[in-house]
Amino acid sequence: MTVNRPSDPAAHERLYRSLRSRIMLGELPPGKALTLRGIAREYHLSMTPARETVRRLVAEGALTLSASGRVTTPALSDDRIEELAALRALIEPELAARALPRAHFALIDRLAQMNARIADAVENHDAVGYIRCNLEFHRMLYLRAQAPAMLAMLETIWLQLGPTMRALYGRVKRNEPPRHHRMILAALRAGDEPALRLAVRADVTHGLRHLTATD
């Protein structure tokens, strides 16, 4: 019988990965308050793995910790959204360009299939499914860049933006997959690095502009 002891590193790692994924996929809204006791109860664990998970996620910017000890998901200011969007616009085109020499036709076919899954999520009004497939589309390409430090940095940015991306999905009326994905696929098929950089930059910055636009 497996017992989740307070110091069980496997229990902590499972909790960390689960909560991290929920934040990145926008399953938790911006400004959502969390408590150690509530996390421990939900995952049927002790306070120790809950405390360590929160500590790690605060360090990554996935959670915020106030001076009073209140833990919440990020509620990003316009300036912070613009800063993170600018970082994405710098990092992601570079990752895509580095991936291009290893973007064989089988990979492009898998990306096209993932784009079809994004279309299904749009049709079904599945916000979390849309975000999951959208991130997987980008991750699948960027893994070919063979730049793990750069990708790790990018995933931290995605993590901070997760709750905000869910808010964006509710704000933008989606009725088709991101049109820039088609441009990315076309550039990959053509082996056109400038067009690929342009398409990726447009894709990662287009949606976030809706969050900082004046209503």
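Trainee: Which word applies to A97, buried or exposed?

Mentor: This is a predicted model, in which local features need pLDDT of at least 70 and side-chain atom pairs count only at pLDDT 80 or more, whereas totals for chains, interfaces and linings use all residues. Residues are numbered from 1 along each chain as its sequence is written, and side-chain values use heavy atoms, with hydrogens and water left out. A97 has its place in helix α4 (residues 78-99); helices (H or I, at least four residues) and strands (E, at least two) are DSSP runs, numbered from the N terminus. Buried means under 20% relative accessible area, exposed over 50%, and partly exposed in between (1.4 Å probe, protein chains only), so A97, at 9% relative accessibility, counts as buried.

Trainee: Which residues is A97 in contact with, leaving aside its neighbours within four places in sequence?

Mentor: The C-alpha atom of A97 is separated by 9.6 Å from that of V200, which lies 103 residues away along the chain. Contact means heavy atoms within 4.5 Å. Apart from the neighbours within four places, the contacts of A97 are E193, L196 and R197.

Trainee: What share of the chain do buried residues make up?

Mentor: The chain contains nine helices and three strands. Along the sequence they follow the pattern α-β-α-α-β-β-α-α-α-α-α-α. Of the 215 residues, the buried share is 47%.

Trainee: In what order do the strands lie in the sheet?

Mentor: Two strands pair if DSSP finds at least two bridges between them. β2 and β3 (residues 71-72) pair in the antiparallel sense over two bridges, and L65 has V71 in β3 as its bridge partner. The three strands form an open, antiparallel sheet in the order β1-β3-β2.

Trainee: Which are the edge strands of that sheet?

Mentor: An edge strand here pairs on one side only.

Trainee: What distance does helix α1 reach from its first C-alpha to its last?

Mentor: Helix α1 (residues 9-24) has 16 residues, and the expected span of a helix is 1.5 Å times one less than its number of residues. Its buried residues include L15, L19 and I23. The reach of α1 is close to the expected 22 Å, being 22 Å.

Trainee: What is the relative accessible area of H44, a residue with a positive phi?

Mentor: Most residues other than glycine have a negative phi. H44 is not a glycine, yet its phi is about 55 degrees; H44 is found in the loop between α2 (36-43) and α3 (47-59). H44 is exposed because its relative accessible area is 70%.

Trainee: Where does H125 lie?

Mentor: H125 also is a residue other than glycine with a positive phi, near 55 degrees. At 64% relative accessibility, H125 counts as exposed. Its place is the loop between α5 (105-123) and α6.

Trainee: Which helices each supply at least two residues of the lining of the largest cavity?

Mentor: On a 1 Å grid over the protein atoms alone, a cavity is a set of points where a 1.4 Å probe fits but cannot get out, and lining residues have an atom within 4 Å of a point. The structure holds one cavity of 30 Å³ or more, and the largest cavity has a volume of about 90 Å³, a volume being the space filled by probe spheres set on the points, which are joined across faces, edges and corners. Among the lining residues are M24, R88, Y130 and W158. The helices in question are α6 (127-142) and α7 (148-171).

Conventions. On a 1 Å grid over the protein atoms alone, a cavity is a set of points where a 1.4 Å probe fits but cannot get out, and a pocket is an open set with protein on both sides within 12 Å along at least five of seven lines; lining residues have an atom within 4 Å of a point.
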